[in-house]
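Please prepare a briefing for a reader who is meeting this structure for the first time.

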Number of protein chains: 2
Amino acid sequence: MNQNICWIGVDWGITHLRCYALNDEGNLLDSASSKDGINKIKDAKFEEALLTVIDPWLESGKVTPVLACGMVGSRNGWLETPFQKTPCRPCDYEQFVRITCNDSRIKIYVIPGVANLKQIDLMRGEETQLAGLLCDIDSAIVCLPGTHSKWVQIKDGRIEKFSTFISGELFDLMSNKSMIRYSVNKDGWDNNAFTEGVLSGFKTPELLSNSFFKLRADDLMHNIDHAVLRSKLSGLIIGLELAGAKDYLKEQNVQLIGEPVLNNLYSIALSLLKVETSAHNASQITLSGLKYGFNSMQKYLGSEQKGNNG
Amino acid sequence: MNQNICWIGVDWGITHLRCYALNDEGNLLDSASSKDGINKIKDAKFEEALLTVIDPWLESGKVTPVLACGMVGSRNGWLETPFQKTPCRPCDYEQFVRITCNDSRIKIYVIPGVANLKQIDLMRGEETQLAGLLCDIDSAIVCLPGTHSKWVQIKDGRIEKFSTFISGELFDLMSNKSMIRYSVNKDGWDNNAFTEGVLSGFKTPELLSNSFFKLRADDLMHNIDHAVLRSKLSGLIIGLELAGAKDYLKEQNVQLIGEPVLNNLYSIALSLLKVETSAHNASQITLSGLKYGFNSMQKYLGSEQKGNNG
């Protein structure tokens, strides 16, 4: 199999390292991952962590290009890469940053994140998912739900503007570290409570920290089911996000890029605001984005080579 | 000194146990405290924890009344007391709950908290501070800033309604547990950044979780001073609270009951909305409230005794 591997795509985030082996037509030959996310790497042993996963795909005497996206290019990552600035076309080869490494079998490039200077906002990794979407759609409003949810306006293949909401992190803090933790379950779900939370968070965002307290008070006063309170908490935080993302909601159609569970929640929440959604699986679209990036590199190198020959 | 001690006031919260020895005129003879807050007490050893602090004030053969307020009467406290319901006059003897204990030198009463059934809200301890305020003022809008800030409407000596905002807890979570912790100092202060935060949180509460992210992004993009970002974070959360407390802000004059540092911050924040404030020290007013409660008990017992004699 190894001789068919043309390049390796890498999605290296805070908590995971995911690698993909592809042939020259961009077909997936193999994939592998580890929990060596950026947060786990000590003493800058990035190369070791990467080789642990991709070594079986490498051949001596052959150089395999590796294209990586995500927090690997952040301040705490392997090498801090400069951000592209909006408006911009993401995953453009001319912006890729080469990392020098010791193993001569690989040649590593990092896809830079994107900065929105006007609105003071940043993304790393999502630009690759957006590039994956650009294979099919040229203009769209995109929501990437997650720990740090992003709302993005794409126009004519370029990222025009975007905003980040720390909804996933806020949910995690409230449900695991705050006094509400005594009143919310680890699991269980109630759609009505979620819906109620979304509408409340959307309509009265100013009452957020009051609504948080009420979850606990409601439990103490009325012994409410903790799965109900968990669903309401989730709804409140997503409702707040939607209220803050109003500027992006004028088009009444949103492309969702996230894990299936989150896509589903956001789809329900947005339907309450009469907004339609199309859902894309985050891992799949990341791979599409890496291919988009590799193709841009191939085109550039191809034309460069032609130039040299001509 | 002991022979002059007529009763003991106790303020027993989550993190502290504060005790006051008073004579029959309500003058403070001595005070003592420990860090045996409710959260520290194991195996229900409440009586032991209390005696550790007040034992020097007790005499054998004499029964000293102890009047306690705060989380001691909560589900995780010594004895869960039922809540008074709004509208109500706080610290009313008829609502006090007697706790039976082993030491015959003390007779313990707990002041119950207050529930706002309509708005699903609770207080324990603040009702005693409000009773302290009632010694001087009959009607007011009161803000008690803290871990769980309360906004209260008092009318004709009764608590009409109130709302809780978990501002202090949110600040603690964001500055110590979230990704913002890398961008905020433990100390240092910038008034302009605080002001900016208050106005932003007040005017665009729906952008709260976006504003949280921007603090981190601003640091990564522009290396902003971490004391500035800490002040802005504080302002954002207080601004959100003020936006949520709009219903209470119609009177343009607010009584603040809190620690001096917090009173000062809220006074600055409210002045931005053209609201005047009067500040009361939290510990002092708690003691006044305990006296108010003890007087109500004396009056009642006095009249009861008269009734029995007549």
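A polar contact is a pair of N or O atoms within 3.5 Å, where within protein one atom must be able to donate a hydrogen and the other to accept it, and where residues adjacent in sequence count only if both atoms are side-chain atoms. By that rule, the side chain of A:S163 makes a polar contact with the side chain of A:Y248, at 2.8 Å. The model is predicted, so local features need pLDDT of at least 70 and side-chain atom pairs count only at pLDDT 80 or more, while totals for chains, interfaces and linings use all residues. Residues are numbered from 1 along each chain as its sequence is written, chains are lettered from A and ligands numbered from 1 in the order in which they are written, and side-chain values use heavy atoms, with hydrogens and water left out.

- A:S163 lies in strand 12 of chain A; helices (H or I, at least four residues) and strands (E, at least two) are DSSP runs, numbered from the N terminus.
- With a relative accessible area of 8%, A:S163 is buried, a word that stands for under 20% relative accessible area, whereas exposed stands for over 50% and partly exposed for what lies in between (1.4 Å probe, protein chains only).
- Leaving aside neighbours within four places in sequence, A:S163 is in contact with A:Q119, A:D121, A:S149, A:K150, A:W151, A:Y248 and, from the other chain, B:N210; contact means heavy atoms within 4.5 Å.

**Where chain A meets chain B**

- The contact between the two chains involves 41 residues of chain A and 41 residues of chain B.
- Chain A and chain B bury about 3,500 Å² between them, and 70% of this is on carbon and sulfur atoms; buried area is the accessible area (1.4 Å probe) that two parts lose on being put together, summed over both.
- In chain A, the residues that lose the most area to chain B are A:I120, A:F213 and A:M221, which together make up 17% of what that side buries.
- Between chain A and chain B there are 0 salt bridges, a salt bridge being a side-chain nitrogen of Lys or Arg within 4 Å of a carboxyl oxygen of Asp or Glu.
- Across this interface the rule finds 10 residue pairs in polar contact, with both residues at pLDDT 80 or more.
- Several elements of chain A each supply at least two residues of the side that touches chain B, among them strand 12 (158–165), helix 3 (167–176) and helix 6 (226–244).
- Helix 5 of chain A gives the largest share of that side, 11 residues.
- By class, the side of chain A that touches chain B has 20 nonpolar, 12 polar and 9 charged residues; Ala, Val, Leu, Ile, Met, Phe, Trp, Tyr, Cys and Pro count as nonpolar, Asp, Glu, Lys and Arg as charged, and the others, Gly among them, as polar.

**The two domains of chain A**

- Chain A is divided into domain 1 (2–124) and domain 2 (137–310), with bounds that come from an automatic or database domain assignment.
- The C-alpha centres of domain 1 and domain 2 of chain A lie 25 Å apart, and the contact takes 31 residues from domain 1 and 25 residues from domain 2.
- About 2,400 Å² is buried between these two domains of chain A, of which carbon and sulfur atoms give 69%.
- A:W7, A:Y93 and A:M123 supply 23% of the area that domain 1 of chain A buries against domain 2 of chain A, more than any other three residues.
- Across the interface of these domains of chain A the rule finds 0 salt bridges, together with 7 residue pairs in polar contact, both residues at pLDDT 80 or more.
- Strand 1 of chain A, with 4 residues, gives the most to the side of domain 1 that touches domain 2.

**Helix 2 in both chains**

- Helix 2 of chain A (residues 126–134) is mostly covered, as 9 of its 9 residues are buried.
- In chain B, helix 2 (residues 126–134) is largely enclosed by the rest of the structure, because 9 of its 9 residues are buried.

**Backbone details**

- A cis peptide bond with omega of about -5° joins A:T86 and A:P87, and A:P87 is placed in the loop between strand 5 (84–85) and strand 6 (97–99) of chain A.
- In chain B, the peptide bond from B:T86 to B:P87 is cis, with omega near -10°.
- A:C91 has a positive phi of about 60° although it is not a glycine, and at 1% relative accessibility A:C91 counts as buried.
- A:A44, also not a glycine, has a positive phi of about 55°, and A:A44 is exposed, with a relative accessible area of 56%.
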